[in-house]
Amino acid sequence: MPQRTVLHVKGLSTSFNTPEGIVRAVDGISFTLQQNRCLALIGESGAGKSVTALSLLRLVPVPGKITGGQVCLEDCDLLKLPTAAMRTIRGKEMALIFQDPLASFNPVITVGSQFVETILTHEPVSKATARKMTFAKLTGVGLPAEQVYHSYPFQLSGGMRQRAAIALALALQPRVLIADEPISFLDVTLQLQILGELKRQLEENRFTLLLITHDLAAASTIADDVAVIYAGRIVEQGPLQQVFGRPKHPYTNALLRSHPSFGRGRRLEPVEGPSPSPLHLPAGCAFHPRCPEMLPCCCNAAPELLGAAGEHRVACYRFNTLGIKSIGTEAVRA
Amino acid sequence: MKRYLLNRLLILIPVMLGVCFITFLMVELTPGDPAEIILLKRDIGVTPEALAVARRQLGMEGPVLQRFINWLGRAARGDLGYSYTSGEAVAKEIFRRLPATLELAAGGLLVMLFLALSLGILAALFPRTAIDHLSRLTALLGASLPSFYLGLLLICYLAVPSPYLQVMGLGGLSHLLLPSLTLGFGLAAVYARLLRSSLLEVLQLDFIRAARARGLREAVVIGKHALRNALIPLVTVFGITVGGLLGGTVVVEQVFAWPGVGRLAVQAIFDRDIPVIQGYALFMALIYVLVNLAVDISYRYLDPRIKLGRKETG
């Protein structure tokens, strides 16, 4: 099946101008989203995942500012659009699901009227039609539509709320759905249900999913591709099997070893050392102070994201200088 | 809901009794004998005999408690007594002047809402800018200028040069404007600041970002989603402000010669006209508690998370 690129992000940078200094939360990130596929953006908290999500919609809170790059939805660079035109993209072409399912809804307005309001903002339909669309969407995510429609957000359980949030995000059949830690506020059984719901929606509808998570297990259940982000930069990206199966970057490796699903049978090893302060990022590769395989050149300049095998790319000197051979051998072995 | 309403209405009875009793005591404790004042006003010599007659006519004999119970018994039957000075029925006198006071209160309320909403929203939308500072300064002025002084300033600097604005008595918008402004300005100050901080807080919340992420217009995001949540804490204070509004009318009515119940009350206090003072206190307290009841009920519609009558049965 030929892949269709829906969203193409090139060199996206967002920084926050704080009194203590400039924080480069997102520093030249590039990735593409293909239709009906899911890209998982993985990283520790503070790595710049959520800022990336907000940057795509141009909703970075002050004092944050997008400082460069392109966000192309098909052929249209969203960063160049006037504000009014950008508003027609939000919710209609690109929708966002939040971490806290309570956060997606206004607490003092019924769930149904928040659907209707969103639909009426973007579509020239009657209120009755919008109501009908809402019922269809709520039923589509397995909720009792009549009851949920008239409920206030606080009257729903966490799982129902997140289902409703998914329905609301998909209400206008957006081309891109960004899910920012959609399951981390839910308990474990619900997490699987919600992931399953997202996967089912992805199979049944035409959109592309950007899943932002720190949860490697969640990423591995649903994602087709992954991008590992560290200190505002992508350090490794590629198809799920390749990145998780043969991690190249020491950080990806360390993340996988620290997780029970992947470090099976072995003692879990935490990623050594603290996350870097976003105000004082280490020179060169930001991971080098914590890296078990550091080379002398790592302190000088940040490594480029270079191709490893096929779509698999990694930003690491150890790989770029020494690893060429190892691809060769791997290729031979394969 | 019905049960809650019934409970609240029943609680009103002891509250009103308390208000009446305290007012009665306070009048009793103030120096000055109503009988003596009446005799002086009518140019009758203040002899012990004349005083005794006057006291008997006014129903001022016997211990305080007994007089209070007498008054209460009559009040319960709708008879608030007769004014010592004018001789008219107190209820009739109050009802005749009430519309003027309500007009003034409504005017003050409108000014207050307009000023508070505009200053508060502007300050929250542009925090730490010139607009915010201007709003803060206005609020500071409003909070610190006493209304009698503000009223005089407005008369001097607005009414005197203006051929339109009137400063005495009733009569349409030209008369209502300055007293309303005087009354509303001071009350608006608190709300403008409260609304600013409450709105700033709400604007930080995730559901505002979610509303923007759904592509809603900024006017809808602020005017509907943010404001609705930001107003909830302000409504609480509103119940208390009604007291300020009613009390404020007393001063403002004095400054602008407004023929409302406030002026009636002030005159009654000077004259030690006990039935009128009692009647005034009763009416104002009743309005105050009823408005507060309405405020409590309106919560339910503003914030569906609040359930009335569960814990508030006491």
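Reader: Which elements make a right-handed β-α-β unit here?

Author: Some ground rules before that. This is a predicted model, where local features need pLDDT of at least 70 and side-chain atom pairs count only at pLDDT 80 or more, while totals for chains, interfaces and linings use all residues. Residues are numbered from 1 along each chain as its sequence is written, and chains are lettered from A, ligands numbered from 1, in the order in which they are written. Helices (H or I, at least four residues) and strands (E, at least two) are DSSP runs, numbered from the N terminus. A crossover is right-handed if, with the strands pointing away from the viewer, the path from the first strand over the helix to the second runs clockwise. Here the unit is made by E7(A), helix H7 (residues 188-204) of chain A and E8(A).

Reader: In what sense do E7(A) and E8(A) pair?

Author: Strands of a sheet pair through backbone hydrogen bonds, either parallel or antiparallel. Two strands count as paired if DSSP finds at least two bridges between them. Strand E7 (residues 176-180) of chain A runs parallel to E8(A), over five bridges, and A:Asp180 sits opposite A:Ile212. Strand E3 (residues 38-42) of chain A also pairs with E8(A) in the parallel sense, over five bridges; there A:Ile42 has A:Thr213 as its bridge partner.

Reader: What is the strand order of the open sheet?

Author: Its eight strands go E6-E7-E8-E3-E9-E10-E12-E11 (chain A), with mixed pairing. Strand E6 (94-97) and strand E11 (306-307) of chain A are at the edges with a single partner strand each, so one side of each lacks a neighbour in the sheet.

Reader: Are the faces of E8(A) buried or exposed?

Author: Call a residue buried if 20 or more other C-beta atoms lie within 10 Å of its own, exposed if 12 or fewer, and partly exposed in between, with C-beta atoms placed from the backbone. Both faces are covered: A:Thr208, A:Leu210 and A:Ile212 are buried on one side, and A:Leu209, A:Leu211 and A:Thr213 on the other.

Reader: How many residues of chain A are in contact with chain B?

Author: Contact needs C-beta atoms, placed from the backbone, within 7 Å. On that basis, 22 residues of chain A touch 18 of chain B. Helix H3 (111-122) of chain A is one of the elements giving two or more residues to that side, and H3(A) gives the most, with four.

Definitions and conventions
Two residues are in contact if their C-beta atoms, placed from the backbone, lie within 7 Å.
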